[in-house]
Amino acid sequence: IKGAILVTSAGVAGKLSMGASLDLGPVDILADSVSLVINTGLAPVTLDDVDETRVPGGPFFQIEVVGGSFTVGGLVLTADIFVQKRTTTQGQSRLTLAINKLTADVGGILVTEGRGVLLLLPGQIVDGVAVAGSGGVAGLLEVTVNLGGLIEGVDLRGTFGLRINQTSTSINESIQIGDTNIVVDLPAGPYVQVYATNAALTIAGQTLSGNFAFEQLTLPGGG
């Protein structure tokens with residue numbers, strides 16, 4: 001374990017990094033590294049560590065798991081995971097969940113190259129009044145799937161994704177998780193897109209393949 005902790009009358013702030021190996025009965029967790037950052041005080045803090053880590057004003061909580069392996073019963077899932085809860089300048093909570101390099105075998109369905117970000121965004125406040133439709137859920141999810149002959153005579157493989165924005169503002173953010181940046185670039189909502197890339201469905205020797213997308217968006221002016 002390495003890191004730094006600062007305790008003052010304003011609160012506790014710190015960063016801890018470690019490897020992880022936990023056996024919780026039916027759940028087994030391994031990770032190359034786990035990083036935890038907190039700040040219970042309202043003001044930003046610069047820690048006295050090698051990186052001079054700057055922690056945003058709180059309440060702030062962040063945990064990052066890199067090279068994680070999670071075993072539940074016979075299911076083994078590997079991924080990098082990022083969770084952050086922070087306080088906006090208007091004193092509201094904002095939650096970010098991210099996953100990358102997801103790999104799993106779910107009952108013979110092979111899932112690889114999974115990545116995703118989920119943002120739970122508070123509504124904007126103007127002159128003390130919440131702006132309707134300005135808060136909500138936004139994010140993306142993308143996985144590569146291979147049925148691997150799970151159903152006799154049927155094969156499905158390809159990359160499938162979902163992009164969604166329930167808020168009334170466009171979003172352009174970059175989430176750092178492990179060694180990867182996941183870019184969330186979404187138009188103002190309500191917006192939904194479901195897509196498939198390099199998809200192939202084979203039934204009884206007949207194959208349908210291609211790229212597909214279905215999109216519902218809000219045009220300028222609300223149309």
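## Close-up views of a predicted model

View 1. Leu-141, Leu-162, Val-192, Val-194, Leu-201, Ile-203, Leu-208, Phe-212 and Phe-214 make a nonpolar surface patch of about 780 Å². This is a predicted model, in which local features need pLDDT of at least 70 and side-chain atom pairs count only at pLDDT 80 or more, while totals for chains, interfaces and linings use all residues. Residues are numbered from 1 along each chain as its sequence is written, and side-chain values use heavy atoms, with hydrogens and water left out. Patch residues have over 30% relative accessible area and no salt bridge; nonpolar side chains (Val, Leu, Ile, Met, Phe, Trp, Tyr) are joined within 5 Å, and like charges within 9 Å. Accessible areas come from the Shrake-Rupley method with a 1.4 Å probe, and for residues only the protein chains shown count as cover. Strands E16 (191–203) and E17 (206–216) each supply at least two residues of the patch, and E16 gives the most, with 4 residues. Strands (E, at least two residues) and helices (H or I, at least four) are DSSP runs, numbered from the N terminus. Leu-141 is found in strand E12 (residues 136–146), and it counts as partly exposed because its relative accessibility is 44%. Buried means under 20% relative accessible area, exposed means over 50%, and partly exposed is in between (1.4 Å probe, protein chains only).

**View 2. Arg-94 takes part in a salt bridge with Glu-173.** A salt bridge is a side-chain nitrogen of Lys or Arg within 4 Å of a carboxyl oxygen of Asp or Glu. The structure holds 4 of them. In the one shown, the N to O distance is 2.2 Å. Glu-173 lies in strand E14 (residues 171–177) and Arg-94 in strand E8 (residues 93–106), so the pair ties together parts that are 79 residues apart in sequence. Arg-94 is buried, at 9% relative accessibility, whereas Glu-173 is partly exposed, at 24%.

**View 3. Asp-179 and Lys-101 meet in a salt bridge.** Their side chains are 3.0 Å apart, N to O. Asp-179 lies in the loop between E14 and strand E15 (180–186) and Lys-101 in strand E8, so this pair ties together parts that are 78 residues apart in sequence. Asp-179 counts as exposed at 62% relative accessibility, and Lys-101 as partly exposed with 42%.

**View 4. Asp-155 and Arg-157 meet in a salt bridge.** The N to O distance between the side chains is 2.8 Å. Asp-155 is buried, at 17% relative accessibility, and Arg-157 is partly exposed, with a relative accessible area of 36%.

**View 5. Two peptide bonds are cis.** The bond from Gly-58 to Pro-59 has omega near 0°, and Pro-59 lies in the loop between strand E5 (54–55) and strand E6 (60–72). The bond from Gly-189 to Pro-190 has omega near 5°, and Pro-190 lies in the loop between E15 and E16.

**View 6. Glu-113 and Ala-204 have a positive phi.** Glu-113, in strand E9 (residues 109–121), has a phi of about 50° although it is not a glycine. Glu-113 is exposed, at 59% relative accessibility. Ala-204, in the loop between E16 and E17, also has a positive phi of about 50° without being a glycine. Ala-204 is exposed, at 66% relative accessibility.
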